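Trainee: I am new to this structure. Please take me through the sheet, part by part.

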Amino acid sequence: EPGPDRVPARCAHYDRDSCGGCQLQHLSPAAQRLARRAIVGDALRRIARLDVPDPELEAAGADWGYRTKLTLAVGARGRMIGLHRYDRPDDLFDFRRCEIVEPELNRLWGALSPLRELLPPDATHLVLRVERVGGLHLIVRSGGERAWSGAAELRAGLERSGVKATLWWHPEGGAPRVMAGDDS
């Protein structure tokens, strides 16, 4: 029987895909904050061996749309891009949108998703970020060192969708570098 703090999950991925990104979405926002305090307090006592009460946590400014970074895993051959399932960390589901990230990151993903063939074939992760001043960034992590030649074309495709972003390439073992955008 559902408890008094149970609410319907807002995100379609939560139940359908067993998303591992936010495991407390079935709780009211206030109950989520209490649970997070308890989890952090438990870790401090059990792992750090500190004799401390559950710490006060600084709540985000909003219950939804507050995260400024989203990291997506890229599956074999780069066609499946998504998040890992909570109970099956080796299994990806195809990502659509996230309710806890800033709306601009969902816009960036919406424009990027149909252009995924322009990503490097050895891409392993995509990191979507929004700056405090609103600038968007896409960091493409690669498993190899072969240069990414499709960044300018991908940026142009994003701009045709009304999304302006700086594109970064982060090769394995190398430093991230701007491939297209304001810092190139």
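Mentor: The sheet is open and holds 7 strands in the order β3-β2-β1-β4-β5-β6-β7, with mixed pairing. Strands (E, at least two residues) and helices (H or I, at least four residues) are DSSP runs numbered from the N terminus, and two strands pair if DSSP finds at least two bridges between them. β3 (92-94) and β7 (177-180) are the edge strands, each with a single partner, so one side of each has no neighbour in the sheet. From one strand to the next the twist averages 35°; axes are lines fitted to C-alpha atoms, for helices over the stretch in contact, and angles between N-to-C directions run from 0 to 180 degrees.

This is a predicted model, in which local features need pLDDT of at least 70 and side-chain atom pairs count only at pLDDT 80 or more, while totals for chains, interfaces and linings use all residues. Residues are numbered from 1 along each chain as its sequence is written, and side-chain values use heavy atoms, with hydrogens and water left out.

At the β7 end, strand β6 (residues 165-171) runs antiparallel to β7 and is joined to it by 3 bridges. Trp168 has Val178 in β7 as its bridge partner. Helix α4 (residues 151-160) packs on the sheet and touches β5, β6 and β7, where contact means heavy atoms within 4.5 Å. The direction of α4 makes about 150° with that of β6.

Another helix, α3 (residues 103-112), lies across β1 (69-74), β2 (81-84), β4 (123-130), β5 (136-142) and β6. Helix α3 runs at about 140° to β4.
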